[in-house]
Amino acid sequence: MFFHIVLERNMQLHPRHFGRNLRENLVSKLMKDVEGTCSGRHGFVVAITGIENVGKGLIRDGTGFVTFPVKYQCVVFRPFKGEVLEAVVTMVNKMGFFAEAGPVQIFVSNHLIPDDMEFQSGDMPNYTTSDGSIQKDSEVRLKIIGTRVDATEFCIGTIKDDFLGVINDPTTA
Amino acid sequence: MSLVTDSPVHSSSSDDFAALLDAELEVGSSGSSPDEEDVEADGDNNNDNNDDDDDDDDDLDSQRNKRCKTEKLEDLEESQGSTSQGLIEDKIVIHAELSLKKDICTHPGSFGQMCILCGQRLDDESGVTFGYIHKGLRLGNDEIVRLRSTDMKNLLRHKKLYLVLDLDHTLLNSTQLMHLTPDEEYLKGQSDSLQDVSRGSLFMLDFMHMMTKLRPFVRTFLKEASEMFEMYIYTMGDRPYALEMAKLLDPRREYFSDRVISRDDGTQKHQKGLDVVLGQESAVVILDDTENAWMKHKDNLILMERYHYFASSCHQFGYKCKSLSQLKSDESEPDGALASVLKALRQIHHMFFDELDCNLASRDVRQVLKTVREEVLKGCKIVFSHVFPTNFPAESHPLWKMAEQLGATCSTETDLSVTHVVSTDAGTEKSRWAVKEKKFLVHPRWIEATNYLWQKQPEENFPVSQGKNQ
């Protein structure tokens with residue numbers, strides 16, 4: 001699920017960046033450091049939408065670095081257990097299929113694929129039923145049944161419940 | 001509820017109710033007062049038995065806790081005493097069902113350390129890692145067995161077996177750019193484009209500092225073999241190398257897809273194993289140039305003649321002759337090792353599916369391999385001369401065993417039924433006997449060539465020279 005939250009971070013800035021462009025430098029350094037990272041608590045930081053507040057800078061003893069506490073707004077993505085979301089299939093094999101929902105990799109094992117879906121190997125392996133087939137690049141709606149508390153990169157999903165399964169079959173366009 | 005925190009059962013929120021019921025049931029069955037007495041009696045016994053001072057204190061504390069807990073349980077029981085016995089029984093039944101459902105998850109495997117069936121965090125190290133399929137994937141042994149048998153049924157329906165292919169010296173030959181000799185420098189100008197890989201055979205991979213030459217006939221081999229086998233690459237190179245070679249051999253990802261196993265995926269150092277291959281051992285054929293890498297699966301192995309294109313490869317194995325690149329020549333395409341092996345594979349496939357008459361599931365490709373091999377030198381009786389070191393038990397020599405595997409009978413004494421004398425010196429007694437009796441006199445390399453090419457080689461191509469003592 002996506003959230004728009006306010007986070008705070010202490011940014012250290014080298015004196016070479018001081019001057020007229022101090023604020024721009026600070027903001028670009030923040031973006032470089034934070035966008036694309038992932039924490040267990042908030043999930044993936046997708047993008048910074050704005051700077052709320054830059055506090056007073058404190059010069060550190062011993063070095064010339066200055067620490068600024070920065071409050072910024074950002075969009076984060078964090079998967080939750082029980083959440084239903086749409087993902088794009090990246091790989092299909094006899095164990096199940098792997099799908100991607102943004103930065104998160106989800107694995108749906110064939111134990112959690114309905115029994116009427118049969119695996120068919122070949123140069124385009126897929127799981128097929130009369131309603132449609134799941135193959136690379138098809139879109140599926142799945143439910144997350146397991147995430148990790150510390151790192152959210154991997155999740156376990158299922159399509160064995162009602163209203164889950166393939167949304168868009170790339171072969172029938 | 002303080003009751004829960006005292007519970008000995010490790011609790012997550014759903015376990016609390018179960019623990020509560022457990023505790024309740026234990027107390028309820030023995031009655032309230034006897035329990036209290038029991039606890040106190042235990043406490044006394046403990047105090048008597050432990051003479052150490054520190055233990056005494058601990059015991060007293062734990063006894064106090066026990067007593068408190070028992071009292072609290074009694075309170076609870078009394079308050080619930082008003083509810084009907086039937087309701088408690090209902091709760092017991094629900095509890096039993098819940099715990100049964102939870103216990104049922106056998107954790108068949110894990111992805112990112114979470115069970116793929118129930119999502120629970122798993123930290124155990126059992127099972128086999130399948131990192132080559134996807135990073136973070138691990139499967140338990142039961143699940144691997146289950147997958148192997150379902151996949152087997154699938155493959156047999158499509159009339160396919162499994163083929164595990166080695167890369168170096170089997171399908172191709174690679175060398176580091178810095179090991180190229182001066183007379184190989186011309187190759188740098190002759191390398192094929194990396195844009196359209198399907199036509200080329202010599203590739204320069206600057207970013208890996210190496211040059212690779214594909215073995216002649218390899219593309220036809222892969223195309224024809226893919227119709228009879230589901231193929232795997234298994235190399236002792238590292239993963240980036242394995243994936244790069246797979247791209248050269250299979251640019252459209254139609255032969256191997258994700259089935260590329262490197263040394264990073266093996267479970268044992270310096271050994272290859274079929275534990276990371278998701279196929280039944282009775283249906284796997286292995287093609288490799290190194291026998292020692294497959295100690296546990298020698299029966300599935302077809303040994304390939306090594307492909308030495310680059311000088312560094314000859315040098316690595318101690319051959320002082322000029323390599324194919326230095327001689328500006330190459331292995332013959334229609335008669336080379338890959339073509340012969342393809343013929344043998346076709347024979348094996350045909351025999352497995354069309355000639356064996358027992359039920360499909362009990363067929364074993366290892367048996368077929370043995371049978372096909374034994375046809376090659378059927379009817380030959382071989383005597384060895386000047387080949388084994390003195391006092392060496394002849395039957396354990398690799399050449400003797402190789403000849404027997406190929407269907408020949410071996411003997412240590414000459415007699416009229418002997419058909420071939422294998423010798424390194426034409427002047428020995430047995431060699432002269434062979435010439436006199438018009439039997440075939442051949443060099444040991446005749447046996448090796450026959451083994452690699454799966455066909456009895458013409459004996460006149462392997463003459464024996466006179467030794468120095470003659």
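Predicted model: local features only at pLDDT ≥ 70, side-chain atom pairs only at ≥ 80, totals over all residues.
Reader: Which residue of chain B belongs to one aromatic cluster with Phe98(A), Phe107(A) and Phe154(A)?
Author: Residues are numbered from 1 along each chain as its sequence is written, while chains are lettered from A and ligands numbered from 1 in the order in which they are written. Rings of Phe, Tyr and Trp (its six-membered ring) pair if their centres lie within 6.5 Å, with planes under 30 degrees apart counted as stacked, over 60 as edge-to-face and the rest as tilted. Phe98(A), Phe107(A) and Phe154(A) form their cluster with Phe111(B).

Reader: What is the angle between the planes of Phe119(A) and Tyr127(A)?
Author: Happy to look at that one: a search of the whole structure finds 15 aromatic pairs over all chains. Among them is the pair of Phe119(A) and Tyr127(A), which is tilted, with a centre-to-centre distance of 5.3 Å and an angle between the planes of 50°.

Reader: Are Phe119(A) and Tyr127(A) buried or exposed?
Author: Buried means under 20% relative accessible area, exposed over 50%, and partly exposed in between (1.4 Å probe, protein chains only). Phe119(A) has a relative accessibility of 19%, and Tyr127(A) has 2%. Both values are under the 20% limit, so the two residues count as buried.

Reader: What kind of pair do Phe384(B) and Trp400(B) make?
Author: Their ring centres are 6.1 Å apart. Their planes meet at 25°, so the pair is stacked.

Reader: How many residues apart are Phe384(B) and Trp400(B)?
Author: Helices (H or I, at least four residues) and strands (E, at least two) are DSSP runs, numbered from the N terminus. Phe384(B) belongs to strand S13 (residues 381-385) of chain B and Trp400(B) to helix H13 (residues 398-405) of chain B. Phe384(B) is buried at 7% relative accessibility, and Trp400(B) is buried at 5%. The pair links distant parts of the chain, and the separation between Phe384(B) and Trp400(B) is 16 residues.

Reader: Within what arc do the buried residues of H13(B) fall?
Author: The buried residues in H13(B) are Leu399(B), Trp400(B), Met402(B) and Ala403(B). Seen down the helix axis, they line one face, because the arc, taken over the directions from the helix axis to the C-beta atoms, is 165°.

Reader: Which residue with a positive phi follows H13(B)?
Author: The buried residues of H13(B) have a cover that includes S13, strand S14 (409-411) and helix H15 (445-453) of chain B. After H13(B) comes a residue with a phi near 100°, namely Gly407(B).

Reader: Over which ring does the charged end of Lys213(B) sit?
Author: A charge sits over a ring if NZ of Lys or CZ of Arg is within 6 Å of the ring centre and within 35 degrees of the ring normal. In chain A, Arg78(A) lies over the face of Phe80(A), 4.6 Å from the ring centre. For Lys213(B) the distance to the centre is 5.1 Å, and the ring is that of Tyr309(B).

Reader: Which three residues supply 28% of the area that chain A buries against chain B?
Author: Buried area is the accessible area (1.4 Å probe) that two parts lose on being put together, summed over both. Chains A and B bury about 2,200 Å² between them, 64% of it on carbon and sulfur atoms. More than any other three residues, the suppliers of chain A's share are Lys94(A), Met95(A) and His111(A).

Methods. Heavy atoms only, no water. Contact = heavy atoms within 4.5 Å.
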